[in-house]
Amino acid sequence: MSLFLALIGRELRLALRHGADTLAALLFFVLCGSLFPLALGPSPALLHRMAPGVIWVCALLATLLPLDRLFSADLEDGGLDHLLLLGLSPAFVALAKIISHWLTTGLPLLFAAIPLSLMLGSSPGDIPPLLAGLALGTPLLSLLGGMAAALVLGARRGSVLLPLLILPLATPVLIFGAASADAATNGRSFGPELDFLGAFLALALVLCPFAAGSGLKAASS
């Protein structure tokens, strides 16, 4: 466990040294969301109704940005071979990098979602359900994205294949995440949608690291 936590700490320190990646994801998230009022018009009722879907789509796209370098940088400089020789299984190496991706990308998006939601016309009461869905959905997006990034690692045109692989897998997350926020906005219970997101997260937490570990092992061999 100490080796696993040390690996997460290493990834966080590297992320702090390259803070431009996190900043780019946050700026993309906010700027992408800011384009919707310009395209849809200034109608407060329309923006309020579409705010959950807009925020979830922007969160999904922003999560994709740092994934291309999640494992490829270590593969290029030979660091991946050293990581796999630490004594941890490839699944735990992949999980450590996925956790660091969520801490440096997904978690900041939760805080950035608050002003973006208010800008799109949401009321303060709409924010807690939205954040509850994002708190379950963003780790799930990181797990799916990390798995996909590992599977295409070393492949030709892997950066092109990556979004094509992730977007179909992330579609249920997008549907239930936006539905939970929309249900809360309309005064309905959003518990079932969060239950589905929690079930997906539990399943992905078991399966995705092992699939990602297999991809890392294949890429390093």
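**Rings, core and spaces**

Phenylalanine 176 is partly exposed, with a relative accessible area of 23% (buried is under 20%, exposed over 50%, partly exposed in between, with a 1.4 Å probe and protein chains only). This is a predicted model, where local features need pLDDT of at least 70, side-chain atom pairs count only at pLDDT 80 or more, and totals for chains, interfaces and linings use all residues. Residues are numbered from 1 along each chain as its sequence is written, and side-chain values use heavy atoms, leaving out hydrogens and water.

Me: Is phenylalanine 196 buried or exposed, or partly exposed?

Reply: The relative accessibility of phenylalanine 196 is 44%. Because of that value, phenylalanine 196 counts as partly exposed.

Me: How is the aromatic pair of phenylalanine 176 and phenylalanine 196 classed?

Reply: Rings of Phe, Tyr and Trp (its six-membered ring) pair if their centres lie within 6.5 Å; planes under 30 degrees apart count as stacked, over 60 as edge-to-face and the rest as tilted. These two rings are 4.7 Å centre to centre, with 20° between the planes, so the pair is stacked.

Me: Which helices hold phenylalanine 176 and phenylalanine 196?

Reply: The two residues are 20 residues apart, and their pair links distant parts of the chain. Helices are DSSP runs (H or I, at least four residues), numbered from the N terminus. Phenylalanine 176 is in helix H8 (residues 158–185) and phenylalanine 196 in helix H9 (residues 191–220).

Me: What is the volume of the largest cavity?

Reply: On a 1 Å grid over the protein atoms alone, a cavity is a set of points where a 1.4 Å probe fits but cannot get out, and lining residues have an atom within 4 Å of a point. The lining of the largest cavity includes His48, Ala51 and Pro52, and H3 gives the most to this lining, with three residues. A volume is the space filled by probe spheres set on the points. For the largest cavity it is about 50 Å³.

Note on methods:
1 Å grid on protein atoms, 1.4 Å probe; cavity = no way out; pocket = protein on both sides within 12 Å on 5 of 7 lines; lining within 4 Å.
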